[in-house]
Amino acid sequence: MEANKKALDIRRRILQTLLFFKDRFDLHEGKEDELETIDYIKKNVEFKGANLWILIFAIFVASVGLNVNSTAVIIGAMLISPLMGPIMGIGLAAGINDFELLQKSLKNLGIAVLISILTSTIYFSFTPLDDAQSELLARTEPTIWDVLIALFGGLAGIVAGSRKEKSNAIPGVAIATALMPPLCTAGYGLATGNLYYFLGAFYLFFINSVFISLSTYIIVRFMKFPQKEFMDRKREKTVKTYITVFTILTIVPSVYLAYNIVKRTIWEKSANQFITTELEFPNTQVLSSNLNYDSDSAVIDISLIGERVSDAEIGILQRKLEAFNLQKTYLNIKQSGDSGTDLNILRSDILKDLYERNELQIQDKDRRIALLERELEEYGQSNKQVMDIAKEARVNHTSLENFSMNRAVIANLTENRQDTILMAYAKFGRLPNRQELIKFEEWLKLRTKSDSLTLIVD
């Protein structure tokens with residue numbers, strides 16, 4: 001009987017816990033009517049009039065941000081960008097079997113992409129700054145993190161869009177998923193004739209768009225949005241077939257691409273770990289490293305300077321690659337003195353390394369000089385302040401003969417640390433009473449704005 005009561009009590013607690021979590025994570029609470037949400041997303045799908053001009057202006061702003069390497073400007077451009085509309089529209093259309101909405105969303109996304117790339121191409125064709133900055137280069141190749149950001153960002157976007165009270169989540173998703181910068185980078189690639197930049201940036205935009213659409217599709221299905229009804233059953237079957245084929249043709253290649261991105265990311269991490277761990281020599285330094293990943297054969301290019309590494313040691317390093325899960329990877333080491341080594345590359349790497357080291361040393365010296373200048377300035381002000389305070393103190397204490405004040409370092413042996421305090425020394429011809437000395441010390445603390453002042457009286 002007692003065992004049955006305990007079992008019932010455990011079941012009751014488990015049920016309460018499950019109900020608690022169900023209540024906490026219930027997406028239906030505060031949800032807008034599904035038809036209102038569908039209408040809200042449909043309104044943001046079309047690109048014409050004001051929407052199109054806002055997109056063009058936002059692309060110009062983002063292009064300028066990438067050109068001058070300003071993160072703040074890029075974020076500002078993404079905040080005003082309306083690119084999320086048709087991408088979420090594609091996921092919604094697939095989720096509710098609305099073939100007309102799917103066609104409209106794809107058409108408007110195509111227009112948006114074309115206008116965006118054309119706008120950024122025009123900008124980068126005329127800008128006098130033609131160097132590829134770090135913000136721009138970061139958008140030439142997708143990583144696994146871009147895939148995850150697009151997926152979870154898209155989930156956040158559709159959940160926020162389905163609420164009665166719209167939050168700032170959708171602008172946040174536009175920033176997180178960074179849809180605009182890849183299109184601007186693609187425009188830069190066209191303007192400069194760099195096909196690698198164009199394809200890499202467009203690939204990143206494609207991956208982001210697909211996974212935002214996929215997350216929208218998942219939430220729409222999960223929340224059981226009403227499917228579009230057809231009077232003609234044959235027409236309904238045809239539309240569902242088209243939607244299914246489109247979904248498969250979009251998702252399957254994207255999942256494969258994402259899988260390859262994951263493999264490349266893991267390989268790059270292992271390759272960098274290998275370089276850091278294994279390529280340490282007493283009198284030889286790694287000048288530069290270049291990682292070239294391919295699923296069939298990957299290459300790690302290393303440039304060394306200093307004492308030559310023997311062929312035997314290089315052979316050992318090649319065999320160690322497997323221990324870092326770098327199968328099908330070839331280690332290509334270039335050393336100064338090799339007949340096949342490009343001396344110009346080595347020379348530029350050396351100069352770059354020396355420049356960076358000198359730059360760090362100069363910055364360190366500049367910091368030290370600035371610190372010493374501040375200390376000298378404080379010391380000069382302190383000397384002037386001492387004379388002013390002494391004259392002011394003499395007004396109230398006419399027997400004051402000598403006065404000195406300076407900061408001192410006190411070794412706190414109890415707590416094993418150092419303290420800096422302000423010490424004041426005062427010599428009187430006639431020693432004031434205790435009450436006057438207390439007032440004098442309080443006045444000094446107030447005058448110097450220092451709580452840690454110690455007065456020594458002679």
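**View 1. Antiparallel pairing of strands β4 and β5 in the predicted model.** Strand β4, residues 400–412, and strand β5, residues 417–428, are joined by 12 bridges and pair in the antiparallel sense. Within this pairing, N402 stands opposite K427 of β5. The two strands form a hairpin, with four residues between them. N416 lies in the turn of this hairpin and has a positive phi of about 55°.

**View 2. Parallel pairing of strands β5 and β6.** Strand β5 also pairs with strand β6, which covers residues 453–457. These two strands run parallel and are connected by five bridges. Y425 is the residue that stands opposite I456 in β6.

**View 3. Helix α11 and the residues at its ends.** Helix α11 comprises 28 residues, 195–222. Because each residue is taken to contribute 1.5 Å, the helix should span 40 Å, and this agrees with the 40 Å between its end C-alpha atoms. At the N-terminal end, N194 caps the helix through a side-chain oxygen that lies 3.1 Å from the backbone nitrogen of Y196. Just after α11, K224 adopts a positive phi of about 55°.

**View 4. A nonpolar patch on the surface.** The patch is formed by I54, V61, V64, V68, V73, I75, L79 and I80, which together have about 560 Å² of accessible area. Helices α3 (50–68) and α4 (71–80) are the elements that give two or more residues to this patch. V64 is found in helix α3. This residue, V64, counts as partly exposed because its relative accessibility is 33%, a value between the limits of 20% for buried and 50% for exposed.

Terms used. Residues are numbered from 1 along each chain as its sequence is written. This is a predicted model: local features need pLDDT of at least 70, side-chain atom pairs count only at pLDDT 80 or more; totals for chains, interfaces and linings use all residues. Side-chain values use heavy atoms; hydrogens and water are left out. Patches are made of residues with over 30% relative accessible area and no salt bridge: like charges are joined within 9 Å, nonpolar side chains (Val, Leu, Ile, Met, Phe, Trp, Tyr) within 5 Å. Accessible areas come from the Shrake-Rupley method with a 1.4 Å probe; for residues, only the protein chains shown count as cover. A salt bridge is a side-chain nitrogen of Lys or Arg within 4 Å of a carboxyl oxygen of Asp or Glu. Buried means under 20% relative accessible area, exposed over 50%, partly exposed in between (1.4 Å probe, protein chains only). The expected span of a helix is 1.5 Å times one less than its number of residues. A polar contact is a pair of N or O atoms within 3.5 Å; within protein, one must be able to donate a hydrogen and the other to accept it, and residues adjacent in sequence count only if both atoms are side-chain atoms. Two strands pair if DSSP finds at least two bridges between them.
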